[in-house]
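User: Hi, I'd like to talk through a structure with you. Could you take a look?

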Amino acid sequence: MTTRMKPVDAVIVGFGWTGAIHGLELANAGLNVLALERGAYRDTSPDFSYPHNADELAYGIRGELFQPLARETVTVRHALTDTAVPYRQYGSFLFGNNVGGAGIHWNGQHYRPSPEDLEFQSHISKRYGQKFMPADMQIQDYGVSYTELEPFLEQFEYLCGTSGRAGNLNGEIKDGGNPFEGPRQKDYPNPPVADTYGAKLFADAARALGMHPFPQPSDNASRPYTNPHGVRLGPCNLCGYCERFGCFMYSKASPQTTLLPVLMRKPNFALRTNSHVIKINLDSTGKRATGVTYIDAQGQQVEQPADLVIVSAFQMHNVRLMLLSGIGTPYDPATGKGVIGRNYAYQMMSSIGVFFDQDVAINPFIGGGSGGVQIVDDFNSDHFDHATHGFVGGAYIYGGQTGGRPIQQLIVPSGTPGWGAAWKKAAKENYLHATTVATHGSVMAYRDRYLDLDPTYKDAFGLPLLRITFDWHDNEYKMSQFVTDRAQEIVKQMKPKATSLTLRKPGDHYDIRQYQTTHTTGGVIQGASPETSALNRFQQSWDVHNLFVTGASAFPQNLGYNPTGLIGGLTYWSAKAIRETYLKNPGPLVQA
Amino acid sequence: MNTVARRRRGGGGLLRVIVILIVLVVLAWLATHVFRGGGGDPSATAPPPTPEQVRQGEYLARIGDCAACHTVPGGKQFAGGLPIASPIGTIYTTNITPDPTTGSGDYTYGQFERAVRRGINAAGHTLYPAMPYPSYAHVSDQDIQALYAYFMHGVQPVQQANKAEDISWPLSMRWPLVYWRWLFAPKVAPVEGGGDPALAHGQYLVEGLGHCGACHTPRAFTLQEKALGPQDGSAYLSGGESDNWVAPSLRGELASGLGSVGEEELVELLKTGRNERSAVFGGMSDVIEHSTQYMSDEDLAAIAHFLKSLPAAREEAPLTYDPATRDALHGGNVSAPGAQLYVDNCATCHRTDGHGYGQVFPALAGNPVLNGPDPGSAIRLVLHGGTMPSGRDAPTQFSMPAFRERLTDQQVADVLSFVRASWGNRGGAVSAQQVARLRSLPPEGKTTMTGYDPRAQQP
């Protein structure tokens, strides 16, 4: 039996970053807003209190902040002819769980896209010709330009208190910032976090080679900061327990540290936890959502009517909910038609362990998730001429460390055994004298890389799991090799005594056991045409006008940056369209 | 025989004493009924209120912090039911919504006035002095009328029966309270302040509705505040105790009082629950959340102005920052007792220089809380943690974690002795016995959650 709840103006599915942003924007617009979260409530205190938060076994290895895969996971295969099997242990990507979602365990890298990233198909075909891209590559534009999005990217930075140094202030290139970034109207709200020593060695070397290192824009606040909502963040102390951990210093931007102190007190906002949405309901025309159905903590089905539905779960969960709800045409890799599940992408990294003699002292345990690291962006996006290289996209190169945790962050030179006396000796010799240089690169969208419902495996409620069909393409091997070669040049300039390299080469399959980045994208992409995208430029469903879908599921392909800055900007852009246009006259914001 | 005779004789003497006592008690009881009095006129009525009066009454109810006691966290506003521990048992606050059956809906203006300013309810019984009527005695007629207008016409009536107090006989008899009232409640009269109008206004708010002395003035053995205003001597606001928290002196002591705190800093603390150096904790958190954050800047400035006019009750030398601890810790020297514990547990937020971070983590260097004779509040904070209240334009509630499971009594004593002697602090050593006494006292182990955390309202 299904219980029917009192209708609300807007229901939000998933209470992480984008759910909380929409929650406050819509509540401020006067709507009666309800957020449904499958997990539990949690907050900095008591859940991430020191010293309990600094437990690498609990959080780093056992993944206490992540969704339990035994109840729901995804299945994975490399090719259309393979049989997918379930992802049973965390490796390649990490699903957030509970209030705050992945906004709790992230590192705080806060990038804007390069202007060309948002119009990638148009830009590449204009500069290099349509034939420059392989036939099965299906990259697309977002339908929104950098200039249009800029104020919203800024809004999200000022919400988070991003610490960084502008490289392009209203078109003027500034020393020490990223000269390749799009013009920004305002500088970052906070100065950069101080460099760790490894980052300094990296930046000095890159500068000597004529590259343009700059401090990584970071949502680990470099100083206490009060955001425009009056919510105050603490300062990052570079404790080394950031990614995979909650922040006890109130300095890592998350819904909890930037929005909830205001949002949770709003009388017209309510949060219902332990509420797992399984379906978006439609009226008889199939053109209008009537609300959602969820399963509560007691396992009962509950219907929640709403005039407006915001789907703001993790990228993969968004795609799955659309497929389970039968909204939009599922993507078909055989014909290239259909939109739900289209253009799934991941990212590709390489990394170099850099080992010095005993006279170079690096305290690796001093590390922020993103602050204190230096970046070279010369070989990302279309910051350089790709014509002779035969690939599109790129990667940023970073130098420095985010912590020196013993299990996951202790690096030893190549050739060291994985355990035993020789490993211990190498660990002891190198721990205080090593740092990391890595590349963080884009992955394009391809006709045969997509998401659909698995024909075999089901979740704890008996609903089909999402199936990933993904492997690397030549473009990405070439990209990674090229940028890694540039990284190697920097490393050589750092004059280490030894190095170790992890690089994915042609023939290497995508290995879901290996963590690179957690950034998965696509499946409910935004764009200019309902033929090739599920959402219009305002993240509104082409098919169901009172349904908006947020997050990285809207990315047409994966860019070389960490996605959160763009996700936040797109969310504010969408929220403004809802508040100022949609609510006055509900209907499609773009005519198909 | 002798034994029996002696016993009988002794029994006769005891009987005589008992009879005399009973007679005296009956006479005393009769007296409280014969001389009912108490002043005021229970039958007095008020003219129909103006909307402005209702609004003003709402503001004054905030200043009086009525909600802090008459509203249960998560419960209906002003419906009462909050347990208050007293030395003789638990009493429960009453429903003061205008519900005619379970609240005060049928109170005349006179009955309301007598309850608030004279501590006598409609039935003629004396209220437990948990109700701060000795302070409210100083509230003006005009303000009492506005409060009456608000409680009768601005508050939603709630039907919720009052809970009987949890006190055993004979202590449950109320008539002895009449003597307490006769002895200790002051005459009903507004505070008379001459000269500086801001000073006079501040004094009116602090002594009257603000009832700051209820916690910040020491109490005598018989539980009355030792002073109800500056005219009663330097005991007034010289530091008291509430709910096992130390309520620090609000007078001008240079180390442990407000001597080193500026008026603007005080205003900010009352408005937001924090300032560049300090933060509110313990019982004062409710005061910020329910009361002072709603006060006008003008009223807050007057309060700060008046408090800063109170001379020190104790001679204290000013605190001056001493960089020795900072330099030692910065240089890796943790040889001082408690220093290693400080670095491991405290320094990440409060920093090795003891300055903390403004509006986030309070400074320990020069903090009056750490420079008073009683380390009780600091011990409780280390054991059980604490959460800042939310204030006006300051929604973030920073928490300090509880260390009770991580640190022994001796370790808490060591780290606090270190903190109370570093960076120029002169608070004196803390003993493990002091920590042990406070470890299990209520409110013990209260979870450090924000006020909006849905789990905070769950049982």
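User: Great, to begin: in which sense do strand β2 of chain A and β3(A) pair, and over how many bridges?

Analyst: Strand β2 (residues 8-13) of chain A pairs with β3(A) in the parallel sense, over four bridges. Two strands count as paired if DSSP finds at least two bridges between them. Strands (E, at least two residues) and helices (H or I, at least four) are DSSP runs numbered from the N terminus. Please keep in mind that this is a predicted model: local features need pLDDT of at least 70, side-chain atom pairs count only at pLDDT 80 or more, and totals for chains, interfaces and linings use all residues. Residues are numbered from 1 along each chain as its sequence is written, while chains are lettered from A and ligands numbered from 1 in the order in which they are written.

User: Thanks! What stands opposite A:Ile12 in β3(A)?

Analyst: That's A:Ala35.

User: And are the faces of β3(A) covered or open?

Analyst: Covered, on both sides. A:Val33 and A:Ala35 are buried on one face of β3 (residues 33-36), and A:Leu34 and A:Leu36 are buried on the other. Buried means that 20 or more other C-beta atoms, placed from the backbone, lie within 10 Å of the residue's own C-beta; 12 or fewer means exposed, and anything in between is partly exposed.

User: Which residues touch the most other members of the largest nonpolar core?

Analyst: A:Ala10, A:Val11, A:Ile12, A:Val13, A:Val33, A:Val309 and A:Ile397, in a core of 257 residues. A core here is a set of buried Ala, Val, Leu, Ile, Met, Phe, Trp, Tyr and Cys residues joined through C-beta atoms within 7 Å.

User: What is A:Val11 in contact with, apart from its neighbours within four places in sequence?

Analyst: Its partners are A:Leu34, A:Leu36, A:Gly291, A:Val292, A:Gln304, A:Ala306 and A:Val309. In contact means that the C-beta atoms, placed from the backbone, lie within 7 Å.

User: Switching to the open sheet with β20 in it: what is the strand order?

Analyst: β5-β4-β21-β20 in chain A, with mixed pairing. β5 (85-86) and β20 (450-458) are at the edges with a single partner strand each, so one side of each has no neighbour in the sheet. Strands β4 (residues 74-77) and β21 (residues 464-469) of chain A pair in the parallel sense over four bridges, and A:Val74 has A:Leu466 as its bridge partner in β21(A).

User: How many residues of helix α11 of chain A are buried?

Analyst: 10 of the 11 in α11 (residues 315-325), so the helix is largely enclosed by the rest of the structure. Among them are A:His317, A:Arg320 and A:Leu321. A:Gly326 follows α11(A) and has a positive phi, near 70°.

User: Zooming out, how many helices and strands does chain A have?

Analyst: 14 helices and 24 strands. Its radius of gyration is 23 Å, close to the 25 Å that the globule rule gives for 592 residues, so chain A is as compact as a globular protein of that length. The radius is taken over C-alpha atoms, and the rule is 2.2 Å times the number of residues to the power 0.38. Buried residues make up 58% of the 592.

User: Last one: how far apart are the C-alpha centres of domain 2 and domain 3 of chain B?

Analyst: They lie 22 Å apart. Domain 2 covers 197-308 and domain 3 covers 324-457, with bounds from an automatic or database domain assignment. In chain B, 26 residues of domain 2 are in contact with 29 residues of domain 3.

How values were computed
Two residues are in contact if their C-beta atoms, placed from the backbone, lie within 7 Å.
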